[in-house]
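Thanks for coming. I have one structure to go through today, so please look at the sequence and the model on the screen.

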Amino acid sequence: MRIALQLARGATGQTGVNPMVGCVIVKDGAVIGMGAHLKMGTGHAEVQALNMAGANVEGSTVYVTLEPCSHHGLTPPCCDRLIAENVKRVVVACTDPNPRVAGTGITRLREHGIEVQLGILEREAIDLNEKFNKFISTRMPFVTLKTASTLDGKIASKTGDSRWITNDQSRAFVHTLRHQHQAIMVGVDTVVVDNPKLTTRLSVAALDPIRIIIDSKLRTPPTASALEQAGRTIVVTTDEAPEDKLEKLLEAGAEILKAGAGPRVDLRDAMKQLAAQEIGSILLEGGGRLNGAMLEQKLIDKCYLFYAGKIIGGDNAPSNFSFGGFEKMSEAVWLDRLKLEQFGYDWCVIGYPQYQGGGS
C-alpha cells in the first residue's frame, strides 16, 4: 500500500478535479502490476496495473489507495474490470467520498465473491486527496493560502518593496504548489503593483494554473502580464463593474465572472461559481486584504505561512492579514495539525485553519 501511495503522489497536480490513485497487484509474493491515475479522462490506476499484469492476474491481490469506482464516467467502472479478471482479494486504503461511489464499489466486489479489506493506511490515503475530498463532498474548491512575510508579519516594506522577502528555495517550492493546484488567485492590488505572470516556473515540466483575479472595480490593466500568458485568466468582479472596462478586458482575452450585486465581490459566491466550472483547488497568493477577507468568510482550508528571518517594521507596512479582527483571543482562528518546514534560512508553518462555528 505504501508503494501504491507513492505511485499516486507522483501525479500530484495532474488529475484536475479527479483523485490521485495508486494501485499495486501482487501474486505469489511478487509484484506483477503497478499503476497510477495520471490524468483526467485516462485509464484509472487499477486498469493501468491490470494491463501491466496481463493474463497472470487471476487469483491475485490488488492494493489500491481509493475504493474502485462502480459507475460509468469518462472511463468504465474499475469494479467490473476487477471482477472480470477474477482477482481474489482487494485491499482498499479508504472509501471514495464521491456520492456516485461511496461504498458501492466495495459492496459490488463483495457481491461477486471478492474478499475486500478496508482501512490500510487510511489516514495517509485521505490526506493525499484532501483537495478532491473537499470538492466532491461540498462542491466548493479547496483553498490553500500561501503568504511570505518577515518575522513581524510584513509582506512588504512601508514603501511597498517586497522583492525578495524569502529565498530561492522557498520560491521554488511555491512554484511546486502552483503546479499542484488547478488555479491561482490574487487581488487586483497585486496585479497593479507587481504585474505578475502567475505562471509555474520550475526546472522540470510543470502545469500552469488558471489565473483568477479578484477585481471589484475592474482596475486590472488590459496590458497586464497575467493576460498575456497562455491559458485562462478569470477576472472576478460584480454587477456594478464598468462596462467600458469590462469590454477592454474581454478584448484582452480575459474571462469575466460576476459575483455579487454590491460594490465588492461576494467571495463565497465566487467560490461556488468557480467550483461549477470544475475548479476544485485554488492557491491563494493574495495581499493582506484579500487574505483577511477570505479568512473572515472561512474560505481558507490550508495555510503555508513562510517566514524569513527578517524584521522590517513600519507602521504602514502591509501585513499578511488585514481585516477587522476579533475582539477576544478565544475567537481567533487557530491552525490544527501544525507542521514546520525549513527552506534554508526561511521557515514555513503549515496547518489547517479551525474556525469558530465551523469552516467552509
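E46 carries the annotation "active site" in UniProt, and that comes from an unreviewed entry. Keep in mind that what you see is a predicted model. E46 sits in helix α2, which covers residues 45-53.

Is E46 buried or exposed? Its relative accessibility is 4%, and the cut-off for buried is under 20%, so E46 counts as buried. What does E46 touch, leaving out residues up to four places away in sequence? The list is C23, V64, L66, P68, C69 and C78.

Next, helix α7, residues 168-179. The helix has 12 residues and reaches 17 Å from its first C-alpha to its last, close to the 16 Å expected at 1.5 Å a residue. At its N-terminal end there is a cap from N167, with a side-chain oxygen 3.1 Å from the backbone nitrogen of Q169.

The buried residues of α7 are S170, V174, H175, L177, R178 and H179. An α-helix has 3.6 residues a turn, so residues three or four places apart point the same way. Those buried residues of α7 pack against several strands, among them β6 (142-149), β7 (183-187) and β14 (346-354).

Last, the largest pocket. There is about 1,400 Å³ of space in the largest pocket. Its lining has 49 residues, and those nearest the centre are T190, D194, E285, G286 and G287. Helix α7 comes back here: along with β6, β7, α8 (188-194) and α12 (288-296), α7 supplies at least two residues of that lining.

That is everything I have for today.

How values were computed: Residues are numbered from 1 along each chain as its sequence is written. This is a predicted model: local features need pLDDT of at least 70, side-chain atom pairs count only at pLDDT 80 or more; totals for chains, interfaces and linings use all residues. Side-chain values use heavy atoms; hydrogens and water are left out. UniProt positions are given in the numbering used here, feature names are shortened, and annotations may be inferred rather than shown by experiment. Helices (H or I, at least four residues) and strands (E, at least two) are DSSP runs, numbered from the N terminus. Buried means under 20% relative accessible area, exposed over 50%, partly exposed in between (1.4 Å probe, protein chains only). Contact means heavy atoms within 4.5 Å. The expected span of a helix is 1.5 Å times one less than its number of residues. A polar contact is a pair of N or O atoms within 3.5 Å; within protein, one must be able to donate a hydrogen and the other to accept it, and residues adjacent in sequence count only if both atoms are side-chain atoms. On a 1 Å grid over the protein atoms alone, a cavity is a set of points where a 1.4 Å probe fits but cannot get out, and a pocket is an open set with protein on both sides within 12 Å along at least five of seven lines; lining residues have an atom within 4 Å of a point. Grid points are joined across faces, edges and corners, and a volume is the space filled by probe spheres set on the points.
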